[in-house]
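Here is a quick tour of one protein model, a few spots at a time. Keep the structure open while you read.

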Amino acid sequence: MSAVSVAQRWVATDFGGLDVFELQQYEVPPPGPGEVTIAVTAAGMNPADAKHVARGGDRDQLPVPVGYEVAGRITAVGADTEIASGGGEVGDEVLAFRIAGGYATEVTVPASAVFARPPALAPEEAANLLLAGTTAAEMLHVTGVTAGDTVLLHGASGAVGVSVLQQAALLGARVIGTAGEGSADVVRRFGGEPVRYGDGLADRVRALAPDGVQAALDAVGTDEAVDVSLALVADRERIVTIAAAGRAESDGIRMIGGAMPASKAFRDAARARLIALAGEGRLVVPMARTFPLAEARQALDLLMSGHPGGKLALLP
């Protein structure tokens, strides 16, 4: 049996704000069958890392390990175990999603969540690819976006939005993306046509798309985003939100989320394809900056400000 190693990880000791996050030592369990242990090179950061703690939950599950995706190097492999992309040996460079406890120096995870990291994809990029990427892929999938469609995307300069822009371009769709004036260049860089949100948004979109908008994707969850989507898209099956659950229920539009069984199944199935696209340079993960693992709270504070300017990663 492999020896237990001692590592560090961030956990939420309670439900609430960033003050409940604590860096602790913990014993990394050796991998059993169907598991591998990864020495973390980079931990990806997503708003969900903090939002799920803020929402609360079952106190019997505390403390909650934080972080859903990482890149790193395999340090141990369970008996009769292969990673999701096949093979898997000690020393292999990999990425993993969806896991629990990625804000760590080392973590033991299901091998089914682990894929070989393409050499062209830097660790901090690999660690930030799949939560945003699979969310974006599902938004396009459930709304049936295809070549020739004109799509309205709310929150086009955020992490999910940037992935939507790139994946939509690969499909041959046109995307009109809402953003603040300071983020218009980001939307253009990734193939979208920026439009300023705020009063008059619907009219500005109509001016850009006089022949109509076929689908609307909401990555921000504001009433404006939902109202404008409803005004411009006739088929409510082609409007999706990841952030406005109440409006989805009251207005009959689609709601998707990683905890929903159908969403989880789709996103798990999409991982290999997105990794291949990223490895070929056809799906880019724009990075803003990295932080030492010990500065996770400061990094989360920047992330939750809504204006990090790209993805963030923690480096153990």
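## Ground rules

A residue is called buried under 20% relative accessible area, exposed over 50%, and partly exposed in between (1.4 Å probe, protein chains only). This is a predicted model, where local features need pLDDT of at least 70 and side-chain atom pairs count only at pLDDT 80 or more, while totals for chains, interfaces and linings use all residues. Numbering runs from 1 along each chain as its sequence is written, and side-chain values use heavy atoms, with hydrogens and water left out.

Let's start with T81, which sits in the loop between β5 (70-77) and β6 (93-96); strands here are DSSP runs of E, at least two residues, and helices are runs of H or I, at least four, numbered from the N terminus. T81 counts as buried because its relative accessibility is 13%. A polar atom of the T81 side chain lies 3.2 Å from the backbone oxygen of G78 and one lies 2.9 Å from the backbone oxygen of A79. Leaving aside residues up to four places away in sequence, T81 touches G32, P33, G34, E35, V36, G87 and A111, a contact being heavy atoms within 4.5 Å.

D80 is in the loop between β5 and β6 as well. D80 is exposed, at 84% relative accessible area, and its phi is near 50°, a positive value in a residue other than glycine.

## Helix α6

Which residues of α6 (201-208) are buried? They are L201, A202 and V205.

## A three-stranded sheet

An open, antiparallel sheet of 3 strands runs in the order β2-β1-β4, where two strands pair if DSSP finds at least two bridges between them. The edges are β2 (21-28) and β4 (64-65), each with a single partner strand, so one side of each has no neighbour in the sheet. Strand β1 (5-12) pairs with β2 over 8 bridges, and S5 has V28 of β2 as its bridge partner.

## Two cis peptide bonds

L62 and P63 are joined by a cis peptide bond, with omega about -5°; P63 is in the loop between α1 (47-55) and β4. The bond from F97 to R98 is cis too, with omega near 5°, and R98 lies in the loop between β6 and β7 (106-110).

Definitions and conventions
Polar contact = N/O pair within 3.5 Å; in protein donor to acceptor, adjacent residues only side chain to side chain.
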